Amino acid sequence: MTEPRIVFAVDDDPSVRSSLKFLLSTVGLQAETFDSADSFLRKELPDVPSCLVLDVRLPGLSGLEFQRELAARNIPIPIVFLTGHGDIPMSVRAMKAGAVEFLTKPFRDQDLLDAVLAALDRDRARREQEEKVADLRRRFDSLTSREQEVVSMVVAGMLNKQIAAELGTAENTVKVHRSRAMEKMHAQSLADLVVMMQTLKHLPKKAL
Amino acid sequence: MSSFSTLRVNTALEDSIPEAGASLESILCTEELQRRPSRPSDYEKENRALVALMSALADSPSTIFQTLAETILDITQCDSAGLSLLTRDGKKPDVCGKRFYWPAIAGMWNPHVGGGTPRNFGPCGDVLDRNRTLLFRHFERRYPYLMPVIPAAEECLLVPFYVAGEAVGTIWAIMHSDRRKFDAEDDRVMASLGRFASSAYRALIHMEDLKFQVSEREKAEAEVRELARGLEAKIRRLVEANVVGIVMWNLEGAITGANEAFLRMVQYDREDLASGRVRWTDLTPAEWRGRDERAVAELKASGIFRPFEKEYFRKDGSRVPVLLGGAPFEGDGNDGVAFVLDLTEQKRAQEKLQEAQQSLYATQVDLARVSRLTTMGELAASIAHEVNQPLTAVTNNASACLRLLTDRNLDPEVLRRALEEIVADAARASAVIARIRAFIKKAPAEKSELDINEVIQEVLALADHELQKKRIFVECQLTKTLPLVLADRVQLQQVLLNLIMNGIEAMTAVTDRPRVLWVQSQADESGEILVAVRDAGIGLGSEADRLFTPFFTTKASGMGMGLPISRSLVEGHGGRLWVTPNSPHGAMFSFTLPVAGGSPS
């Protein structure tokens, strides 16, 4: 509950900005507002769960262009869109591009709060997942290259004997590598290790 | 000769002579002629002489005087013979002349040809004064002026010489020695030759005159010929240059000649022309015959017909637009010439221009539509955004307050600030509404006196492209000479365009009947101008009542603002706009406008 979270809101209307901030404060959410997409982009984002409340009619960069820009910069912040008049094709595109919600102004307070909380949850989950993967990566990186080779062959389903033959070494040596790797990876079982390797494999190559 | 020339110019001498010289009587011996033994008349010789003179006259009239002098010399057997003529210019005989000159001298004095004496200082003057033949002996005794003219004259017989009854000179014969003396026969012959000389001279003058006239005439003719040749060359150049078509025609309808340019225009060849198959009456399409007849009437009345545009059939039956102008030749006016200018290029250019204008109109119509739609669309979006922003803020603030109230956690200061913002945003929303209302009213109308029919025509032109594209036939029933209305032209155009566009759109789906749009103007019973736009479209159905409600629309792309705005514009002009069903199909939109200059009767 005391976990720090922050809601960013971009709207060109100061009244809307301050009223949003007030409304969010009633449920204990901290909000930071911006009058344009550019000023938001200049902001150094804190490493806490956060979301973005965005008016689609923005001066300069439009809301949808802004969404694309964020994706291009690899900023995976969940977005709650606000719009002046219900534009169905626009909302469909926004949702497809990963928007959490698309609200028509003026909206019911509960709808906005629900959407914002959902967005924050989504961001927290993403962060947790990212953290887990990063941890796995760190562990994997701590293996020696021979241990990494052995792990790759193990999760591919090869027997110790086969691995030994492949690497041109003794079966016992393979066993030692394997148990050290299991220990370093904090894997309780072979199945555990397989899942871990599977997770790493699906990760973008960023960490490699 | 040289000494004589000196005399001629020595005028000082002329003045002193008469007083110093002998008396006239002392040098005259005319009476002696009759007393002297006379020679027998030699008529044969005389006749021969006359014949010689005649033939000289015929052969070389300019030397007749010289021939005469020689004839006198021959017949009288004297030493010198010649002719003195009174003259003013030294050439032409003139009774009022101040000097005698000697155009011809034969015999010993021949070297003195071209010389002469002053009128009153020589024997010739005496002969003219007395108007008779005189015989002088040594006249240099009285007239020292003649002393240097050698050899001296022993005797001189002078006979008056008449032209047209007036004595203008003398013919004379001189003996420089006493070898023989003049007698009565000489007197007779000289008189006879004198008469002959007169008539010869007359003939000569006449012939000279004739010759002059002939030469003048020849000169004039040559000039005319030259002119004609030049003109003909120019005309030929014009005809053969083929920059314009040239046609020779007659009123019976024949084309008697034409240049290549014309034949090319109508696609006939020389053979066709020679055969007489090419007739301008046949080349003329039926609807242009009336125009031709007018030109012929003009030609007969004024001798020319002013250029006019018409069409000719080409050989292949197609038509060529031309400009035609011409005039008849001299004479009965039945034949003439005309120039023919091919207007195909001009027409094509004109059509292109018209097409360009059409597409310009089309663009304008589209633009009017687009700007109408964009304006309305943007207006609507703007309304939504501008009103939504403060509404959102109000809602947010109020909701937040409610939440805090529910949680019993509302700080009065927070509440106060929130309420202040709510009030401010509510005021902002209402300001937006006021601004929109002002926008719709827009600029004040600029009213001027307008002819409603003119405005209708303008709008129809504006919508022309749309009407053609949708294949809609417009039937105008405009009452002429309607009173003017006081209105804003642009607003009136907007209303009419809106009604016409509505009519067009109402008929686009119609396929089972003609798509007709009626536009009417008239004065209604109260004297106001009534304009009606009727269509044969899908009609109003049950929606007629709601048509003028803002944002009500039956059209897929409509904003529902056209008719409400049109109505408010018409009402702004003091008129009314209403709709009634049209029988059997469609709708009729009518509006009235008061006439300019106060209330109608």
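1. A note on terms before we start: two residues are in contact here if their C-beta atoms, placed from the backbone, lie within 7 Å. Please keep in mind that this is a predicted model, in which local features need pLDDT of at least 70, side-chain atom pairs count only at pLDDT 80 or more, and totals for chains, interfaces and linings use all residues. Residues are numbered from 1 along each chain as its sequence is written, while chains are lettered from A and ligands numbered from 1 in the order in which they are written.

2. Confidence next. The predictor gives the complex an ipTM of 0.74, with a pTM of 0.40.

3. Chain A has nine helices and five strands; helices (H or I, at least four residues) and strands (E, at least two) are DSSP runs, numbered from the N terminus. Along the sequence their pattern is β-α-β-α-β-α-β-α-β-α-α-α-α-α. Of the 208 residues in chain A, 31% are buried, meaning that 20 or more other C-beta atoms lie within 10 Å of a residue's own; exposed means 12 or fewer, partly exposed in between, with C-beta atoms placed from the backbone. Among chain A contacts between residues at least 6 apart in sequence, 59% join residues at least 24 apart.

4. A:V174, A:H177 and A:A181 are buried in α8(A). Seen down the axis, the buried residues fall within an arc of 65°, so they line one face of the helix; the arc is that of the directions from the helix axis to the C-beta atoms. An α-helix has 3.6 residues a turn, so residues three or four places apart point the same way.

5. What do the buried residues of α8(A) pack against? They pack against α6 (145–155) and α7 (160–167) of chain A. The face turned away from the buried side carries the exposed residues A:N172, A:V176, A:S179 and A:E183. After α8(A) comes A:H186, with a positive phi near 60°.

6. Between the chains, the contact takes 15 residues from chain A and 19 residues from chain B. Helix α1 (residues 14–25) of chain A gives the most to chain A's side, with seven residues.

7. On to the cores, each a set of buried Ala, Val, Leu, Ile, Met, Phe, Trp, Tyr and Cys residues joined through C-beta atoms within 7 Å. The largest nonpolar core has 57 residues, and B:I72 is among those with the most contacts inside it. Leaving out residues up to four places away in sequence, B:I72 touches B:A81, B:I171, B:A173, B:M190 and B:L193. A second, separate core of 40 residues includes A:A9, A:L52, A:F66 and B:V394.
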